[in-house]
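Please examine the model displayed below before reading on.

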Amino acid sequence: SDLIAAGKVAGKRVFIRADLNVPQDDDGKITEDTRIRASLPAIQMALDAGAAVMVTSHLGRPTEGEFKPEDSLAPVAERMAELLGRPVPLKSDWVDAVSVAPGELVLLENCRVNKGEKKCNEELSKKLAALCDIFVNDAFGTAHRAEATTYGIAKYAKIACAGPLLAAEIDAITKALANPRRPLVAIVAGSKVSTKLTILQSLADKVDGLIVGGGIANTFMLAAGLNIGKSLAEPDLVDQAKAVIEAMKARGAEVPIPEDVVTAKTFAAGATASVKAATDVADDDLILDIGPKTAAKLAEKLMAAGTIVWNGPVGVFEFPAFAQGTETIARAVAESLAFSIAGGGDTLAAIAKYGIEKDVGYISTGGGAFLEVLEGKTLPAFEILSKRASTVIL
Ligand code: 3PG
């Protein structure tokens, strides 16, 4: 908006890096379009200001230099066209030149197919910068990656700035953690401790309650000396889990360990679910959800919280018999008067499933990027913009 107010956008070539990496089903149909919707304000602002607008994103993790039909942003172009009510032409082989007139919008094919994108190749970065007068990074979900379209282009573009989504995301998450209304309760769940260990360690210094779920909770149950049968867990990380519990205890804070669980003998939607005390798990059991007592106690903690940070479902909520825990947590987040902040693909899917979008204070479009901001890390794609003289916001 600073650039628009300064009249610097009209007639200019604006290159917007968005994160349009949306989930698709086996037929390539988009199953969740939050990221596409979230990208529209920047695009619309640039179009309204009379710019020639180029937008790109990655989709998935394609092999560089080998474009396959499933890598195409075509479904995204179609969805974006529906939402904007205007055609969104999709351009391939666009690195050397893009033809686009002021007031027009084009979507540039999956940028991760370009050779050198992931490793932030200098030559590619310079070529990308030469395509535009103004580079706008609005891809919060990819801001933890230093790639050619998120980092390299920002070094060489004549003007480089943050888009409204990138700026709003970083602002919302850092403000919520800088001076939170207490108690501050975090829910960190998901399959692996290893992918979320640093966030668990970093939150252990800040939060009043740390709710763990999924495979992460199983590793914490092991740390508490409980049998978890055949459940998904990382025994190698038990010592780290113990250290998190101890660090929290030392501050008078807690990591509640499930007291009951829902188990099955096989990992399947139709498997028979049994509710058991956490001390009664058999050697051939798989823990697929937290039990009703645990869910009710956690819900109470969430109802009493001042701020809630939520990343990850606490059970296999895709299977109805193992969804109760995640639904109870989702409803408590929604009903609590706490300011809540949620992020991550599975969390967004749970929020959509239980229809609580309007009851969550802030829904982030980031997965890995969301976690890194929570950890207090500076995202490289944002840092490079700050280093440039023109750190204005579109
Ligand atoms: C995400 O979905 O978290 C982002 O789009 C980043 O994707 P990546 O992990 O493939 O870099």
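Two strands are said to pair if DSSP finds at least two bridges between them. Strands (E, at least two residues) and helices (H or I, at least four) are DSSP runs, numbered from the N terminus. The model is predicted: local features need pLDDT of at least 70, side-chain atom pairs count only at pLDDT 80 or more, and totals for chains, interfaces and linings use all residues. Residues are numbered from 1 along each chain as its sequence is written.

The protein chain contains 14 helices and 14 strands. Its C-alpha trace spans about 70 × 45 × 35 Å along the principal axes. The radius of gyration, taken over C-alpha atoms, can be set against a globule rule of 2.2 Å times the number of residues to the power 0.38. For 394 residues a compact globule would have a value near 21 Å, and the 22 Å of the protein chain agrees with this. A residue counts as buried if 20 or more other C-beta atoms lie within 10 Å of its own, as exposed if 12 or fewer do, and as partly exposed in between, with C-beta atoms placed from the backbone. By this criterion, 51% of the 394 residues in the protein chain are buried. Contacts are pairs of residues whose C-beta atoms, placed from the backbone, lie within 7 Å. Of the contacts in the protein chain with a separation of 6 or more, 72% join residues 24 or more positions apart.

E3 pairs with strand E4 (residues 105–108) over two bridges, and leucine 90 has leucine 107 in E4 as its bridge partner.

Why is strand E2 described as largely enclosed by the rest of the structure? Five of the five residues of E2 (residues 52–56) are buried, so the strand is largely enclosed. In a regular strand the side chains alternate between the two faces of the sheet. In E2 both faces are covered, with Ala52, Met54 and Thr56 buried on one side and Val53 and Val55 on the other.

Four bridges connect E9 (residues 260–264) with E10, and threonine 263 has serine 274 in E10 as its bridge partner.

Alanine 352 lies in helix H12 (residues 345–353). With 14 other C-beta atoms within 10 Å, alanine 352 is partly exposed. Leaving aside residues up to four places away in sequence, alanine 352 touches Glu32 and Glu357. Glutamate 32 is 320 residues from alanine 352 in sequence, yet 8.8 Å away in space, C-alpha to C-alpha.

The ligand is surrounded by Asp19, Asn21, Arg61, Gly141, Thr142, Arg145, Gly367 and Gly368, where a residue is near a molecule if its C-beta atom, placed from the backbone, lies within 6 Å of it.

Note on methods: Contact = placed C-beta atoms within 7 Å.
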